[in-house]
Amino acid sequence: MQLRFARRAVAMAAVLGASVGLTLSMGAPARADDPVVTLQQPAPVALAPADMTGVAKTAQPYFDFRTTGPLDNQATLTIDVTQLATIARVTFSDNCTVKQHVATCNEWLWDPDGSSSTVGASTQMTIRALPGAVIGSTAGYTVSGTADGATIVGGRGSVEIGGPAYNQAQPKNLTGVAVGSALNVPVRFTNIGDRPADSTQVLLMASPGLSFTKHYANCMYSTGFSTREAQSALCTVPGQVLPGEKAAVSPAPRVRVESSAYYTYLDAQIAPTGDAGLQSLAAGRQWTQGTGGLLTLKVITPGIATDAPSGTVSLPMTGSRGNYRVTSLRADNTADFAVTGDSATAAQGDTVTMNFSMVNNGPATIFYRSGDTIGAEVDLPPGTHVVSTSANCRPMRDGRPEGPYDCEGADIVTPAGTVAHFSITLQVDEVIAGAQGSVSMEWSPDGSYRPPFDPDAADDTAVLTLN
């Protein structure tokens, strides 16, 4: 998402530049080698009537594109909302001119890497349900475009009034969980929308250190999707869920705490079957069908019968409400990180490469979900300066080459047994007998903090000895 927003910011800056004097020239004939820019199918949108609470009153579809080649192209997007205007009020960002429900929007399509990433449009369309719009009514809109030196392939989006909205209860986070134990992680939710759902899907994503104790026949399972997920389960549960109904996945998902667990998590998203947001998270994985019993929904509080048609498109929720929750579990476990040093001899004026490392001796995998990574801090032996370093090392203080240096050890997930190798090539300015630098675990900038998972400080520092 951050990349998408960054691309949108760059593109918006270009559009603003166009609005103060840049004239767009369109209509150049297409060439065979021009990149083809294809609109990714916009996710369907559900709009809440104005009198609903707990759900968003507006929606903004994303206009994202894929390209067959590098882009740096001026373009025009044309968005026809003639049909959509019968059920919703539609407004556009300032780079658009609207006449009779057709918006013409100046764009700059920029993607120097070609097909390696999604190109996000700066054009924004905001939709709000019209007063009196009938719940369950639907309408569409079309997106097309032209560009200098590129071919744009458009598409169609859909909007409907009302929908289910599964507000999942906040889970209880757990600490001091015993390795080898199994525990239940409840998944409860309330349909705070105005339409029922005919069936429900729940996506469970267990991070390293957790595994599912049972594989149900109405669930599919996946392993190894990313380093941040050990196992995933996608379960389809039949049964209508009425507006106002409070229910729980039954039996509650049960996970085993493995020997590698320390910081570990169970992510859960629950939505009507077919919901686009859940489907996008489940895409790209290889699934295997379970063979056990059936996962069901247990009704805690019955819902209210309604004449509104069932829906599969979730209403967006506001505030702390949402259908995605994360249960945090911290196991009673340890992970012993250690560093190695090096020694060498070199004459004045010579260069020498010193090799050192960091290792997670386990048994736990450490998952810093916040985005932090684990690394080592390096102080140089006196009488030397740095000629070069391995790619995973850099000066810690505004690029100052005299150091200290920060050597990044791993991804945010560091499994037991992970070894990170580093090197620094030094030139000897002055020969100092027994000159010593150091390699140390970089637990905190001032050295006052040690993580509770690593009780052994004896192997947190090693020496770089020169001459």
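Does F453 count as buried or exposed, and at what relative accessibility? At 0% relative accessibility, F453 counts as buried, where buried means under 20% relative accessible area, exposed over 50% and partly exposed in between (1.4 Å probe, protein chains only).

This is a predicted model, in which local features need pLDDT of at least 70 and side-chain atom pairs count only at pLDDT 80 or more, while totals for chains, interfaces and linings use all residues. Residues are numbered from 1 along each chain as its sequence is written, and side-chain values use heavy atoms, with hydrogens and water left out.

A search of the whole structure finds 14 aromatic pairs, a pair being rings of Phe, Tyr and Trp (its six-membered ring) whose centres lie within 6.5 Å, with planes under 30 degrees apart counted as stacked, over 60 as edge-to-face and the rest as tilted. Two of these pairs are set out below.

| Pair | Centre to centre | Angle between planes | Class |
|---|---|---|---|
| F212 and Y221 | 6.0 Å | 65° | edge-to-face |
| W443 and F453 | 5.8 Å | 80° | edge-to-face |

W443 and F453 both lie in the loop between β38 (435-441) and β39 (461-466), so their pair ties together parts that are 10 residues apart in sequence; helices (H or I, at least four residues) and strands (E, at least two) are DSSP runs, numbered from the N terminus. W443, at 13% relative accessibility, counts as buried, and F212 and Y221 are buried as well. Ring pairs also link W443 and F453 with Y262, Y263, F337 and Y368 into a cluster.
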